[in-house]
Amino acid sequence: MSHYVKFTYERARADTAPFTALAELNACRRRLLDLRVMGFDSNGVGFGNVSVRDGVSKNFYITGSATGGLPELRPTDCVRVVAYDFARNWVRYEGAAIPSSESLTHAAIYKSDASTSAVIHCHDSDLWAALLNRGPTTSKSVPYGTPEMAYEIIRLFKDTDVRSKKIFVMAGHEPGVVTFGKNLGDAFDVIMCARTESSPCI
């Protein structure tokens, strides 16, 4: 059991189908680690998570809980989410690790936008402050990794321009920022674009 995971999780099987995007995921994570928007916090706990949709299905591969600070992930550090239920606060998965605490957050994005195939959740204090309430922003009263956060994300897709901006701020989870795109390169580029002061994406 993970102290940071707020949902109930059920392991369907201990192994997963081959994760063909692992090399791409690790390459993206190295760039995020270099920017220090993923890593270990002051308590030595890993932060940040990345996911990739499994083909055109509703399933997705996501980094395991508290793996944010690891320099390189192995297949056993990732899981494949095969079912979820926001109302039940529940996730079913395949793999040896425990799913990231943000699994429901990633699921809500994939559910809301069929064109999204990759999601990055990182911690960037400056970017968080710059975008807070200026770009798509979740309610300050909603904590990370909860069904309420999943519903907030669905609301953003209905009521804001998050679909085109491809970035949002988690007001109740400083300094959490989430980006997404058709692949990990796209999701990473959104971060870099938003970090540029004169950027039109802010």
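## Residues with positive phi

A66 counts as partly exposed because its relative accessibility is 44%; the class lies between buried, under 20% relative accessible area, and exposed, over 50%, with a 1.4 Å probe and protein chains only. Its phi is positive, about 65°, although A66 is not a glycine. The residue is placed in the loop between β5 (60-63) and β6. Strands here are DSSP runs of E with at least two residues, helices are runs of H or I with at least four residues, and both are numbered from the N terminus.

K166 is another residue other than glycine with a positive phi, near 60°. K166 lies in the loop between α5 (162-165) and β10. With 26% relative accessibility, K166 counts as partly exposed.

## Basis of the model

This is a predicted model, in which local features need pLDDT of at least 70 and side-chain atom pairs count only at pLDDT 80 or more, while totals for chains, interfaces and linings use all residues. Residues are numbered from 1 along each chain as its sequence is written, and side-chain values use heavy atoms, with hydrogens and water left out.

Strand β10 comprises residues 167-170 and is covered on both faces. I167 and V169 are buried on one side, and F168 and M170 are buried on the other.

Two strands are said to pair if DSSP finds at least two bridges between them. Strand β9 (residues 137-138) pairs with β10 in the parallel sense over 2 bridges, and T137 has V169 of β10 as its bridge partner. Strand β11 (residues 176-181) runs antiparallel to β10, and 3 bridges join the two. In that pairing V169 stands opposite V177 of β11.

## A buried loop residue

Which loop holds N89? N89 is found between β6 (78-85) and β7 (90-94). Its relative accessibility is 18%, so N89 counts as buried.

Leaving aside residues up to four places away in sequence, N89 touches K6, F7, T8, L104 and P147. A contact means heavy atoms within 4.5 Å.

## Overall fold and surface

The chain contains 6 helices and 11 strands. Its C-alpha trace spans about 45 × 35 × 35 Å along the principal axes. A compact globule of 202 residues would have a radius of gyration near 17 Å, and the 15 Å of the chain agrees with this. The radius is taken over C-alpha atoms, and the globule rule is 2.2 Å times the number of residues to the power 0.38.

Of the 202 residues, 56% count as buried. Among contacts between residues at least 6 apart in sequence, 65% join residues at least 24 apart. The accessible surface comes to about 9100 Å², and 51% of it belongs to carbon and sulfur atoms; accessible areas come from the Shrake-Rupley method with a 1.4 Å probe, and for residues only the protein chains shown count as cover.

The chain carries 23 positive and 22 negative side chains, and the centres of the two sets lie 3 Å apart. Lys and Arg count as positive and Asp and Glu as negative, whereas His and the chain ends are not counted. The place of a charge is taken as NZ of Lys, CZ of Arg, CG of Asp or CD of Glu.
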